[in-house]
Structures are given as C-alpha cells and as structure tokens.
Amino acid sequence: QVQLVESGGGRVQTGGSLRLSCEASGSWHGMNSMGWYRQAPGKARELVAAISNTGTTTSGNSVKGRFSISRDDAENTVDLQLDNLKPEDTAVYYCNARAYGYGFNTRDFWGRGTQVTVSS
C-alpha cells in the first residue's frame, strides 16, 4: 500500500506563491502517476496537475501557465509550484498516486490534504 503525506500549504495574498510537496511511502511495484487535486467548499474535487512515470504532465485549464508539477522518483516525491495565486485557487489540495503492487491492482491513493488560502 501507499501512504502519502503533503506539506507546504498556507495563506498568501493574491499574486503570491507556494510550493506543495508530497512524499510517498510504503510498498508498491509501480507508480503510474502522481499528482495533485483540489476541492473548494461546495465544489467537486478537480485535477490540478499530474505527472506520469514517463514525465508526461497534465494540468487543469484554470492553472495552466501558473502552476507546475515535478516528480522525483528517487525520493518518491511530487511537488507542485503554485505561482500568481488567485482567490479562486483557495481549496484543500490533495496528493494522489496511482499505483499497483503485491496484493493490489492499480488504484488511487490519497493524502489527507493541505489547505491553501489566497486572500485578495
């Protein structure tokens, strides 16, 4: 199984920056992708950005050009750089890993989330 722990959330003003980090631990055979999702109050969870094990990235339209994702397989981490933050980016950000291993087929694992608050 995979455990994910996020860090780096906080409160910033509009236009500010934050960097979120997520570290994976546990046991798995392969990790197809790692990424970040977010959920604002009263809204559905949405993809922010994800990166595959080949380095291919995907991001939500609302964050393109402002957020960037990176992955370090040696350290089992995935980072999200958030620049030019806007109040609408306020949400709980969740780390995600899609992995398979002994005793389990490919499935999603989630961290507990970290709060990002952007004030105007």
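Select valine 2 first, which sits in strand E1 (residues 2-7); strands here (E, at least two residues) and helices (H or I, at least four) are DSSP runs numbered from the N terminus. The model is predicted, so local features need pLDDT of at least 70 and side-chain atom pairs count only at pLDDT 80 or more, whereas totals for chains, interfaces and linings use all residues. Residues are numbered from 1 along each chain as its sequence is written, and side-chain values use heavy atoms, with hydrogens and water left out.

**Valine 2**

Valine 2 counts as buried at 7% relative accessibility; buried means under 20% relative accessible area, exposed over 50%, and partly exposed in between, for a 1.4 Å probe and protein chains only. Display the residues around valine 2: Ala24, Ser25, Trp28, Met31, Ala99 and Phe109 are touched, not counting residues up to four places away in sequence. Contact here means heavy atoms within 4.5 Å.

**The disulfide**

Next, select cysteine 22 and cysteine 95, which form a disulfide with their sulfur atoms 2.0 Å apart; the criterion is a pair of cysteine sulfur atoms within 2.5 Å. The structure holds one such link. Is the link of cysteine 22 and cysteine 95 left-handed or right-handed? The angle about the S-S bond is -85 degrees, and the link is left-handed. Cysteine 22 belongs to strand E3 (residues 18-26) and cysteine 95 to strand E9 (residues 91-101), so the pair ties together parts that are 73 residues apart in sequence. Cysteine 22 is buried, at 1% relative accessible area, and cysteine 95 is also buried, at 0%.

**The nonpolar core**

Now colour Leu4, Trp36, Val48, Phe67, Val78, Leu80 and Tyr93, the residues with the most contacts inside the largest nonpolar core, which has 29 residues. Strand E9 gives the most to this core, with five residues. Such a core is a set of buried Ala, Val, Leu, Ile, Met, Phe, Trp, Tyr and Cys residues joined through side-chain atoms within 4.5 Å. In soluble globular proteins, nonpolar side chains tend to be buried together.

Centre the view on valine 48. Beyond residues up to four places away in sequence, valine 48 touches Trp36, Tyr37, Arg38, Thr58, Ser59, Gly60, Val63, Phe67, Leu80 and Tyr93.

Move to arginine 71 in strand E7. Arginine 71 is buried, with a relative accessible area of 18%. The residues that arginine 71 touches, other than those up to four places away in sequence, include Met31, Asn32, Ile51, Asn53 and Val78. Glycine 55 is 16 residues from arginine 71 in sequence and 8.0 Å away in space, C-alpha to C-alpha.

Arginine 45 lies in the loop between strand E4 (30-39) and strand E5 (46-52), and counts as partly exposed at 34% relative accessibility. Which residues does arginine 45 touch, not counting those up to four places away in sequence? They are Tyr37, Arg38, Gln39, Tyr94 and Trp110. Alanine 91, 46 residues from arginine 45 in sequence, is 9.5 Å away, C-alpha to C-alpha.

**Tyrosine 100**

Return to strand E9 and select tyrosine 100, which is partly exposed at 34% relative accessible area. Leaving aside neighbours within four places in sequence, tyrosine 100 is in contact with Trp28, His29, Gly30, Asn32, Asn105 and Thr106.

**Two asparagines with positive phi**

Most residues other than glycine have a negative phi. Asparagine 76, in the loop between strand E7 (67-72) and strand E8 (77-82), has a positive phi near 55 degrees. Asparagine 76 counts as partly exposed at 28% relative accessibility. Continue to asparagine 84, in the loop between E8 and E9, where phi is positive and near 50 degrees. Asparagine 84 is partly exposed, with a relative accessible area of 43%.
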